[in-house]
Each structure stands twice: as C-alpha cells, then as structure tokens.
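Here is a short briefing to read alongside the model.

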Amino acid sequence: MNDLSIAPAPVKAGGAFFVETVTWVQHWTPSLFSFRTTRDPSLRFSSGQFVMVGLTKADGKPLVRAYSIASPAWHEELEFYSIKVADGPLTSRLQNIKVGDEVLIGRKPTGTLVLDGLRPGKRLYMLGTGTGLAPWLSLARDPDVYERFDEVIVTHTVREVADLNYRALLETELPNDEVLGELIGPKLRYYPTVTREPFMTEGRITDLIASGKLFDDLGVPPFDRAVDRVMLCGGPSVLADLKQQLIDRGYQEGSLASPGDFVLERAFVET
C-alpha cells in the first residue's frame, strides 16, 4: 500500500480557478461595464454569493479580486458587474475583455448575502450603491426569494442617472418575464436614487431612510424588526452608516451560523 501523504503533489496556481470564456460584454458608461462567461457545470453557488474573478498575468500567476455573481444560481452563464479603474491592477485590464477571451473564475463561491443568513420575515430590503447592485441582480431573479418574502424592495443609489444600468431589467423586464413574471411581478419593488443629478428620487439612501422619505415613497411603514429583513452592499462608508441605522433600530446582524435581521458584505475593494 503506497503512503501518498509523504510527498503531496504541488498545487498549481490555476488549480483554484476554472478557465471560462467571455460570452457577452456591455459597456454602460466610461466607468461601468458588465460581462458574462461560460459556467462550469460543477460550479455551485447560492444567489448573492461572490467568487474570485480575474486574468492571468504575464508571469502566469492569477490576478483576481472578489466579484458578486450577478446572475442567479439557476442560470447557465455567470454575469458580473464592474467598475473601471484606469490604474487599477485588475480592472484596467479586465475592462478591455472581448467575447471569446478567457477569464479565471474561482472554484469556491462564498459570502454573507444569502437568504439563509436571515430570519424569516415579511418584507426584504436589498440596499445597494454603485456596483453593490450586483448581488441583488442575482437574488431578484431567484424564485426562492419570492417564496420566502411577500415584498422584495431593491434600492440602487448612484451618482448619475446614466449609472442606473439595470433599471429596465428591474422595472419592466423581470415583472413581465414569461417564466418568472407571474411570481416576481406582484412582489418586486425597485427604488433608484441619484445623488449628483436631478432625478425623480434624489439623495443618499441613508438620508432617505433617516428622513422617512424612502418609506413614504414606497407606501410602507418604517423598518420594523418584527417583519423587515435587510441586505446591504456598497462602499465601506455607506455600509457603516446603514449598519448603524439598523442597529439603532434594534436589528441584529446575521450569518449562516446565526441568522439575524440583516446581513452585509465586506469583501469588496474597488480596484
């Protein structure tokens, strides 16, 4: 009998990644783009999770960062929503990908923005800023969300109107989808806000919560820990403020190990 534990084979850097092919690229603005890739059949994830995504450097080593998967768990492709940073180590290169190019996709999805991190409730808020919308794009297309909640509210706060890149999807396409529309239509609410241009709803989401305007506009009561569950994704400063607003209302942060009233994602850095 061979003792295979004596000399384990070295693990190659590429062993942690699938090599997938780009199938679609959409440049929304000079600073925002989305892309889709093929999906290895063995990749399993929960809607709302993230994976490491990136490219191979000239020296053969991977250059990756965490990206929320914007497509739902049931979809045959993987979708991602990204900023463009001119001098960013990764996005300065990633923004130039084209259909047919290869990208690295991590084999181990993870993350806290999953339904199982929340206690049962009546109304689910998904509060996102910028590309923090990405996990909501996954969850908003997942039937399980609508099985668990009576009302699903997606907010998206951006600087300029042109940054509301998935507005048509959330406002009209999903509610009218041939397959999911009957389930989604009666429950999904979309609440876009803009901070630096005139728009029908202006202001930071934290201010709209504090003033009560968010709830007035939607025609719902203010946050109630008994029925409202909240997911948060965005920049570090807005996450800290939103978290404090919830804690001030008696909310408890949840996790897979201990479900709570709200969950947030801290894994993202803009590079």
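A salt bridge is a side-chain nitrogen of Lys or Arg within 4 Å of a carboxyl oxygen of Asp or Glu. Arg119, Arg225, Arg229 and Asp261 are joined by such contacts into a network. Keep in mind that this is a predicted model.

**Salt bridges overall**
- How many salt bridges are there by this rule? The count is 13.
- As background, side chains of opposite charge can pair when their charged atoms come close.

**A bridge between a loop and a helix: Asp116 and Arg148**
- Asp116 and Arg148 meet through their side chains in a salt bridge, at 2.9 Å from N to O.
- Asp116 sits in the loop between β6 (102–106) and β7 (123–129), while Arg148 belongs to helix α3 (residues 143–148), so this pair ties together parts that are 32 residues apart in sequence.
- Asp116 has 44% relative accessibility and counts as partly exposed.
- Arg148 is also partly exposed, with a value of 36%.

- In the salt bridge of Glu171 with Arg167, the closest N and O atoms are 3.2 Å apart.
- Where do Glu171 and Arg167 lie? Both are in helix α4 (residues 167–173), and their spacing of 4 residues is about one turn of the helix.
- Glu171 is partly exposed at 36% relative accessibility, and Arg167 is partly exposed at 25%.

**A bridge involving helix α8: Glu253 and Lys243**
- The side chains of Glu253 and Lys243 form a salt bridge, with 3.1 Å from N to O.
- Glu253 is in the loop between α8 (236–248) and β11 (262–264), Lys243 is in helix α8, and the two are 10 residues apart.
- With 32% relative accessibility, Glu253 counts as partly exposed; Lys243, at 23%, counts as partly exposed too.

**A covered strand: β5**
- Is strand β5 (residues 77–83) mostly covered or mostly open? It is mostly covered, with 7 of its 7 residues buried.
- In a regular strand the side chains alternate between the two faces of the sheet.
- On one side of β5 are Glu77, Glu79, Tyr81 and Ile83, and on the other are Leu78, Phe80 and Ser82; all of them are buried, so both faces are covered.
- Strand β2 (residues 32–38) pairs with β5 in the antiparallel sense, over 7 bridges.
- One of the contacts to look for is Thr37, whose bridge partner in β5 is Leu78.

Methods
Residues are numbered from 1 along each chain as its sequence is written. This is a predicted model: local features need pLDDT of at least 70, side-chain atom pairs count only at pLDDT 80 or more; totals for chains, interfaces and linings use all residues. Side-chain values use heavy atoms; hydrogens and water are left out. Buried means under 20% relative accessible area, exposed over 50%, partly exposed in between (1.4 Å probe, protein chains only). Two strands pair if DSSP finds at least two bridges between them.
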